[in-house]
Amino acid sequence: MIDQWLSPYLPEATFTYLSPVRGEKLPAPGDFDGFILTGSKHSTYERSPWMVGLIALLQQLRQKRIPVFGICFGHQIMADAYGGLNAKSSKGWGVGSQRYNYETPDLPGSIASFVFHQDQVQKVPPEATRIGGSAHCENGVFAYSFPAISVQYHPEFSPEYIQALAKKFRGDLLSDYVSANALDSIA
């Protein structure tokens, strides 16, 4: 999905996929021109060994000023790595389409975005500026003082994919109410 989303805008880019969750070795900071951290079913506060290694890599990327973009879990682990705090939200699951509002003239004032998360950044990292968020997730978009940006939502998700998630996890991970609201929000 990341390829499909970005390839039209970065036709010269090539993507290499690594999964630290499955035990694949993390690269050295200089191995790539930039890094994208995707979503995950894991929570940053689990602090699994692979997350500790990822946090160390993120700190090296900041030091070497190598660009990083985080999505959902990527947004959360970046915040943790850079001095913020992530936790399970007291607001529960955010699923479906939510209106994200931006506080910068460089972006549209408001746009609908697809979400699927219950963890959120509770404390903004010192080197981050919150430039957007939603009613459900105040700290939803950060720009850092080094080449990094992160979003809680999923810019790579299609309406069909988020609908499939809302249906798949209904009655299990998601209550009927959350799932129904998610499906309504997408429509």
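Modeller: Helices (H or I, at least four residues) and strands (E, at least two) are DSSP runs, numbered from the N terminus. With that convention, Cys-72 falls in the loop between strand S2 (68–71) and H3. This is a predicted model, in which local features need pLDDT of at least 70 and side-chain atom pairs count only at pLDDT 80 or more, whereas totals for chains, interfaces and linings use all residues. Residues are numbered from 1 along each chain as its sequence is written, and side-chain values use heavy atoms, with hydrogens and water left out.

Colleague: How many disulfides does the structure hold?

Modeller: A disulfide is a pair of cysteine sulfur atoms within 2.5 Å, and the structure holds 0 of them. The sulfur of Cys-72 has its closest cysteine sulfur in Cys-137, and at 8.9 Å that is too far for a bond. Cys-137 is likewise in no disulfide, with the sulfur of Cys-72 as its nearest cysteine sulfur.

Colleague: Is Cys-72 buried or exposed, and what is the relative accessibility of Cys-137?

Modeller: Buried means under 20% relative accessible area, exposed over 50%, and partly exposed in between (1.4 Å probe, protein chains only). Cys-72 has 6% relative accessibility and so counts as buried, and Cys-137, at 0%, counts as buried too.

Colleague: At what angle do H2 and H3 pack?

Modeller: Axes are lines fitted to C-alpha atoms, for helices over the stretch in contact, and angles run from 0 to 180 degrees between N-to-C directions. Helix H2 (residues 49–64) packs against helix H3 (residues 73–81) at about 70°, and their axes are 9 Å apart.

Colleague: Which residues of H2 and H3 meet?

Modeller: On the H2 side they are Trp-50, Met-51, Leu-54, Ile-55, Leu-58 and Gln-59, and on the H3 side Phe-73, Ile-77, Met-78 and Ala-81. By class, this contact of H2 with H3 has 9 nonpolar, 1 polar and no charged residues (Ala, Val, Leu, Ile, Met, Phe, Trp, Tyr, Cys and Pro count as nonpolar, Asp, Glu, Lys and Arg as charged, and the others, Gly among them, as polar).

Colleague: Which residues touch the most other members in the largest nonpolar core?

Modeller: In soluble globular proteins, nonpolar side chains tend to be buried together. A nonpolar core is a set of buried Ala, Val, Leu, Ile, Met, Phe, Trp, Tyr and Cys residues joined through side-chain atoms within 4.5 Å. The largest one here has 23 residues, of which Leu-54, Leu-58, Val-68, Ile-77, Tyr-82 and Tyr-144 touch the most other members. Strand S1 (35–37), H2, H3 and strand S8 (141–144) are the elements that give two or more residues to this core, and H2 gives the most, with 7 residues. A second, separate core of 13 residues includes Ile-2, Tyr-102, Val-141 and Tyr-153.

Colleague: What does Phe-142 touch, and in which strand does Phe-142 lie?

Modeller: Phe-142 lies in strand S8 and is buried, with a relative accessible area of 0%. Not counting residues up to four places away in sequence, Phe-142 touches residues including His-75, Ala-79, Val-121, Ile-131 and Ile-149.

Colleague: Where is Val-151, and what does Val-151 touch?

Modeller: Val-151 belongs to strand S9 (residues 148–151) and, at 4% relative accessibility, counts as buried. Beyond residues up to four places away in sequence, Val-151 touches Phe-69, Gly-70, Ile-71, Cys-72, His-75, Gly-140 and Val-141, which brings us back to Cys-72, in the loop between S2 and H3.

How values were computed. Contact = heavy atoms within 4.5 Å.
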